[in-house]
Amino acid sequence: MAAEEAPQAADHYKAEIERLSKELAETTHEKIQAAEYGLVVLEEKLTLKQHYDELEAEYDGLKQELEQLREAFGQSFSIHRKVAEDGETREETLLQESASKEAYYLGKILEMQNELKQSRAVVTNVQAENERLTAIVQDLKENNEMVELQRIRMKDEIREYKFREARLLQDYTELEEENITLQKLVSTLKQNQGRSATHICPGPSLQAPLGVPASPPRSPASDPWPRRRSCGA
């Protein structure tokens, strides 16, 4: 019975190892995908950061240019006030051009500020996603290590069960051989007993006294050195 349970247990552990190996492969594939996605997110983060730096530099340049334009506008306004005699039409034209440029650059600055806000929000989301992926990768790594330990333990248990199975099969073979030997011995003893019964001589010694049970004939197996009896002995 133990010899039958051992192969069943070995098959069970083989199936368990196959399942764990499949889970390990799936976990490794998910880990690789998470790592690849993390690299893509990291590249996007670097690109967004570079774009953010460029936008910030452009914003500073536009801000400086606006200050320069304001200063130029102030100077131009002063100059135009001084030369008002040159004509109000020229002054109004310059004022309109300056106002148009100022409105344009103010709109540009507002647009850049909105882009900077959006870029900061994207960078924040990318950082949060990167942290989440890092936690997922860590969990996958721990699960991978746990599955690997379970697989090693299962292999050790299967090796032990195989050793027990081999030992049980050996014991079973030895018992079979011993059983065959005993059956041969019993057959030989029966043959010897039959031969002894055919060679017993009749005489008074074979009849037990009244009331005393007759002793059974002595088999060759009970006498290690059987002696051949002759009639009249």
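View 1. E16 is buried, with a relative accessible area of 18%, where buried means under 20% relative accessible area, exposed over 50% and partly exposed in between (1.4 Å probe, protein chains only). In this predicted model, local features need pLDDT of at least 70 and side-chain atom pairs count only at pLDDT 80 or more, whereas totals for chains, interfaces and linings use all residues. Residues are numbered from 1 along each chain as its sequence is written, and side-chain values use heavy atoms, with hydrogens and water left out. The side chain of E16 meets that of R19 in a salt bridge at 2.3 Å, N to O, the term denoting a side-chain nitrogen of Lys or Arg within 4 Å of a carboxyl oxygen of Asp or Glu. R19 is partly exposed, at 38% relative accessible area.

**View 2. The salt bridge between E148 and R151 in helix α2.** The closest N and O atoms of E148 and R151 are 2.5 Å apart, and both residues lie in helix α2 (residues 88-198), three residues apart, about one turn of the helix. E148 is partly exposed at 26%, as is R151 at 21% relative accessible area.

**View 3. The salt bridge between E157 and R153.** These side chains meet at 3.0 Å, N to O, across four residues of helix α2, about one turn. R153 counts as partly exposed, at 41% relative accessibility.

Notes: Helix = DSSP H or I, 4+ residues; strand = E, 2+ residues; numbered from the N terminus.
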